Amino acid sequence: MIIATFNVNSVRQRIEHLTRWLQARAPDIVCLQELKCVDDAFPRAEIEALGYNVATHGQKTFNGVAILSRHPMEIEHRGLPGFEDEQARYIEAVVSVPGEAIRVCGIYFPNGNPAPGPKYDYKLAFMKALTAHAEALLKHEEKLVIAGDYNIIPEPRDVKFPEAWVSDALFLPESRAAYRRLLNLGFTDAIRAQSDAAGLYTFWDYQAGAWQRNNGIRIDHLLLSPRAADALKETGIDKDLRAEEKPSDHVPVWCRLG
DNA sequence: ATGGTAGCGGTGCTA
């Protein structure tokens with residue numbers, strides 16, 4: 001059972017990368033972010049042809065999230081419960097796999113720059129609402145994965161040049177503290193549960209040769225409930241996609257639950 | 001010190 005997250009930076013521009021990767025990695029469940037299109041423009045047929053059910057929550061031009069699943073799924077929410085939002089940043093489903101159910105939340109956090117300012121306030125408000133919802137979900141004591149682009153660098157070891165990010169919304173102490181409050185409810189950061197290494201990046205900017213210089217950051221995360229963490233067997237970051245022609249600036253991150 | 005790139009949509013915003 002592989003669950004993955006992938007910020008595609010326009011699903012229409014990335015459909016060939018996405019379908020190649022789906023065939024190679026064969027994940028069971030995938031959360032996508034930054035679709036950058038409305039639901040009717042989503043390349044549904046190409047993905048369904050590979051055996052996936054598709055649920056989208058898109059919008060024109062910006063944002064947009066989706067869940068792909070090889071197993072039957074029921075959509076619980078489009079939009080974060082308790083948080084009025086015109087931006088498409090949240091989708092939640094319960095996936096039925098033989099013998100059990102897994103709840104999957106796909107999230108696309110606001111970037112939050114410039115900070116301070118209204119965009120940063122929005123980011124913190126989104127985090128507060130997600131934390132409240134996650135706390136309620138944890139009471140179900142089920143396998144739960146909150147996967148997506150958090151736009152938060154948790155620690156200095158998750159960024160090549162920490163000093164360059166000290167006043168950035170992705171690395172400000174208040175952002176990192178909010179992320180820790182979510183984790184401290186009882187979630188496990190899947191990548192960190194498997195490795196203490198520095199330099200496990202998931203994003204490299206298009207600008208200034210960031211990929212060639214390995215000037216990266218880790219901002220795409222898979223947070224596991226206790227029951228999901230108990231089942232964690234393996235994780236991976238498919239960074240080879242970043243070296244392809246016309247790549248997304250993010251790469252897929254995945255975990256395997258036994 | 002600045003700008004460097006990509007996507008959308010048809011200009012400047014978002015990242």
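The model is predicted, so to speak plainly about what counts: local features need pLDDT of at least 70, side-chain atom pairs count only at pLDDT 80 or more, and totals for chains, interfaces and linings use all residues. Side-chain values use heavy atoms, with hydrogens and water left out, residues are numbered from 1 along each chain as its sequence is written, and chains are lettered from A and ligands numbered from 1 in the order in which they are written.

Chain A has six helices and 14 strands, where helices (H or I, at least four residues) and strands (E, at least two) are DSSP runs numbered from the N terminus. Its radius of gyration is 17 Å, close to the 18 Å from the globule rule for 258 residues, so chain A is as compact as a globular protein of that length. For the record, that radius is taken over C-alpha atoms, and the rule is 2.2 Å times the number of residues to the power 0.38. Along the principal axes, the C-alpha atoms fill a box of roughly 45 × 45 × 35 Å.

One open sheet is built from six strands in the order S3-S4-S2-S1-S14-S13, with mixed pairing; two strands pair if DSSP finds at least two bridges between them. At its edges sit S3 (53–57) and S13 (232–237), each pairing on one side only. From one strand to the next, the twist averages 15°. Within this sheet, S1 (residues 2–7) and S2 run parallel and are joined by five bridges, and Ala4 stands opposite Val30 in S2. Helix H1 (residues 15–25) lies across S1, S2, S4 (65–69) and S14 (253–257), at about 160° to S1. Contact here means heavy atoms within 4.5 Å; axes are lines fitted to C-alpha atoms, for helices over the stretch in contact, and angles run from 0 to 180 degrees between N-to-C directions.

Another open sheet, also of mixed pairing, has six strands in the order S5-S6-S7-S8-S12-S9. Strands S5 (73–78) and S9 (188–189) stand at the edges with a single partner strand each, so one side of each has no neighbour in the sheet. S7 (residues 100–108) and S8 (residues 143–149) pair in the parallel sense over seven bridges, with Ile102 opposite Lys143 in S8. Helix H4 (residues 173–183) lies across S9 and S12 (220–224), running at about 30° to S12.

A cis peptide bond joins Asn113 and Pro114, with omega about -5°, and Pro114 is found in the loop between S7 and helix H3 (118–138). A cis bond also links Ala115 and Pro116, with omega about 0°; Pro116 lies in the loop between S7 and H3. Glu34 is not a glycine, yet has a positive phi of about 55°, and is found in the loop between S2 (29–33) and helix H2 (44–48).

Sugar and phosphate account for 69% of the atoms of DNA strand B that come within 4 Å of the protein. The residues of this surface divide into three nonpolar, six polar and six charged, with Ala, Val, Leu, Ile, Met, Phe, Trp, Tyr, Cys and Pro counted as nonpolar, Asp, Glu, Lys and Arg as charged, and the others, Gly among them, as polar. A polar side-chain atom of Thr61 lies 3.0 Å from a phosphate oxygen of DNA strand B, and for Lys119 the distance from such an atom to a phosphate oxygen is 3.0 Å. Gln207 reaches a base: an N or O atom in its side chain is 2.9 Å from a base nitrogen of DNA strand B.

Terms used:
A residue is near a molecule or strand if one of its heavy atoms lies within 4 Å of it. A polar contact is a pair of N or O atoms within 3.5 Å; within protein, one must be able to donate a hydrogen and the other to accept it, and residues adjacent in sequence count only if both atoms are side-chain atoms.
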